[in-house]
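Take the model one packing unit at a time. Keep the sequence beside the coordinates as you read.

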Amino acid sequence: MKQRKRTWMFLYACIYLMQMVQAQTGVEVFNDTTNTSQDTSLLCDSTFNDSIPLPWPMNIQKRLDQITRSPLLETSQAGIIVWDLDADSVIYKFNERQLMRPASTMKVLTAVAALDLLGGSHQINTHIKYTGRIDNRTLNGNIYCIGGFDPKFDAEDMEACLAAIKGLGIDTIRGDIYADLSMKTPELLGEGWCWDDKNPTLTPLLYNGKDQFLQQFEQTLREGKITLYSELKEGNTPADAKILCTRSHALWQVLDRMMKESDNLYAEAVFYQIAAAKGIKPAKNSNARGNINQFVRKLGLNPSNYRIADGSGLSLYNYLTPELLVQTLRYAAQNTAVHSYLNASLPLASVDGTLKNRMRKTAASQNVRAKTGTVTGIVSLAGYCTAANGRRLCFAIINQGLIRAAKGRQFQDWVCRALCEP
C-alpha cells in the first residue's frame with residue numbers, strides 16, 4: 001500500500017515538474033500525433049472525454065494542442081494565446097506573435113487605451129453657441145453647432161437644443177447657422193478602408209450617427225415655430241460666441257454599443273477622442289496612433305512591431321498580434337477603473353451582442369465575455385472567461401486566410417469550450 005502511494009506521489013511530482021518547465025520555456029509538453037485528416041468536430045469532441053483526467057492546466061493544454069491540429073489550419077492560419085490572470089502567466093500560446101489583421105478586436109485596444117487615457121466618465125460634447133444680440137425675441141446673429149464627434153446625439157438632444165433657444169425667448173433668427181467641424185481633420189473615411197464597403201462617415205457633427213446634423217437642426221427649429229432667415233454654412237466659431245446649449249454623453253455610454261454591437265462609427269468616435277486628448281485641434285489620425293503607441297509602450301511592448309491605422313478594425317492596414325491583445329486585456333484586468341467599464345461592454349456568450357447566438361449549451365455559455373471580429377478572410381475573438389476551477393483567464397484568437405467565416409467561429413468556440421470545461 002505504501003509502495004503504491006509513493007508511486008502516485010512520484011507520478012504527480014513528474015507532472016508538476018513538466019508544468020513548471022512549460023511555464024518557464026513556453027514549450028508544449030504534449031506532442032499528440034492525432035490524425036489531422038479527421039473531421040474537426042470529431043477531433044474536438046475527443047478532447048473533452050479523456051480516459052485519464054489531467055491536472056489543470058495540462059487538461060486545457062492538451063485540448064488546445066488537438067484543436068490546433070485541426071484540418072482548418074492546413075489551409076489557413078491561427079494565432080492563440082491564453083493568460084492565467086490569477087497566476088499572471090501564460091498557459092498556452094500558438095503563433096501568438098504572428099502579425100495579423102485584428103478585424104474588430106482592434107476595438108479592444110481602442111477601448112482600453114481610451115479608458116486608460118481619458119477615463120470612463122470622459123464627456124463627449126456637442127455645443128451650440130451664438131453671436132449677436134437678442135432684441136424683441138429676435139436673435140440678430142449667427143448660431144454655431146460645434147461637433148465633438150458624439151455618435152449618440154439623437155432626437156432627444158436636438159429637442160433639448162430647441163428648448164434652450166426658446167428658453168432665451170427667441171422666436172426669430174436673423175443670421176446663418178454654421179457647422180463647426182474644426183474638431184478633426186476633414187477626411188470622411190479611415191485610412192485603408194475599402195471604398196465599396198458600407199463605411200461610416202467620419203464627421204464630428206452627427207445626428208443619429210449620420211451626417212445630417214444641420215438639416216435636422218433647421219427642421220427642428222422650424223417645427224418648433226422658430227422663424228428663420230438663415231442659410232446653412234460651414235465655419236469656425238468666433239472666440240466671443242456665447243454658449244446656448246451643451247449636450248454630452250460619457251465615454252462608457254459610447255463603449256456599450258461600440259463593443260456589444262461592434263459599431264464602427266462609435267469606435268472611430270472613440271479613436272478621435274484619443275486623438276484630441278491632449279488638446280490638439282484639429283485632431284488627426286496620427287495623433288490617435290501616437291497616443292495608442294504610448295499605451296503599447298506602457299504594456300512593455302514595442303509599438304514599432306505593429307501597425308495601427310484606425311480604431312474600428314475596418315482598415316486593411318491594421319496589423320496586431322494575439323500577444324498584444326492579451327497584454328491589453330491583462331492590463332485592463334489589473335486596473336479596476338478600466339476593467340469595470342470594459343467588462344460591462346463586452347458581449348456575453350449566449351446572452352447579448354455579437355455573441356448572442358454562440359457557445360450555447362456549453363460551459364462557455366454565460367461565461368465568455370469577448371469582442372468578436374470579422375472582415376473578409378479574418379475572424380477574431382478576444383476577451384475573458386473563468387475556468388472550471390475558478391481561475392480567471394484572458395485570451396486572444398485570430399484566424400486568417402478563411403474562405404468561410406463560420407469555420408473560424410466554430411474553431412474559436414471550441415477553444416472557448418476547452419478553456420471552460422472541467
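At what angle do helix α3 and helix α12 pack, and how far apart are their axes? This is a predicted model. In it, α3 (residues 58-67) and α12 (residues 405-420) pack at an angle of about 165 degrees, and their axes lie 9 Å apart. Angles over 145 degrees count as roughly antiparallel, so α3 is roughly antiparallel to α12. Their crossing is right-handed. On the α3 side, the contact is made by I60, R63, L64 and I67. On the α12 side, F411, W414, V415, A418 and L419 make the contact. By class, this contact has eight nonpolar residues, one charged residue and no polar ones.

Helix α4 (residues 106-118) packs with helix α7 (residues 251-260) at about 170 degrees, with the axes 11 Å apart. That angle makes α4 roughly antiparallel to α7. K107, V108, T110, A111, A114 and L115 come from α4. They meet L251, L255, M258 and M259 in α7. Sorted by class, the contact of α4 with α7 has eight nonpolar, one polar and one charged residues.

At the β10 end, strand β8 (residues 177-180) pairs with β10 in the parallel sense over three bridges. There, A179 stands opposite E234 of β10.

Now turn to strand β14. Why is β14 (residues 392-400) described as largely enclosed by the rest of the structure? Eight of its nine residues are buried, so the rest of the structure largely encloses it. Strand β14 has pairing partners in β1 and β13. Strand β1 (residues 77-84) pairs with β14 in the antiparallel sense over eight bridges. In that pairing, D84 has L393 of β14 as its bridge partner. Strand β13 (residues 378-386) also pairs with β14 in the antiparallel sense, over nine bridges. Here G383 stands opposite F395 in β14. β13 and β14 form a hairpin with five residues between the strands. In this hairpin, G390 takes a positive phi near 90 degrees.

Technical notes
Residues are numbered from 1 along each chain as its sequence is written. This is a predicted model: local features need pLDDT of at least 70, side-chain atom pairs count only at pLDDT 80 or more; totals for chains, interfaces and linings use all residues. Side-chain values use heavy atoms; hydrogens and water are left out. Buried means under 20% relative accessible area, exposed over 50%, partly exposed in between (1.4 Å probe, protein chains only). Helices (H or I, at least four residues) and strands (E, at least two) are DSSP runs, numbered from the N terminus. Two strands pair if DSSP finds at least two bridges between them. Axes are lines fitted to C-alpha atoms, for helices over the stretch in contact, and angles run from 0 to 180 degrees between N-to-C directions. Angles under 35 degrees count as roughly parallel, over 145 as roughly antiparallel, 65 to 115 as roughly perpendicular and the rest as oblique. A crossing is left-handed if the near helix is turned anticlockwise from the far one by less than a right angle, and right-handed if clockwise. Contact means heavy atoms within 4.5 Å. Ala, Val, Leu, Ile, Met, Phe, Trp, Tyr, Cys and Pro count as nonpolar, Asp, Glu, Lys and Arg as charged, and the others, Gly among them, as polar.
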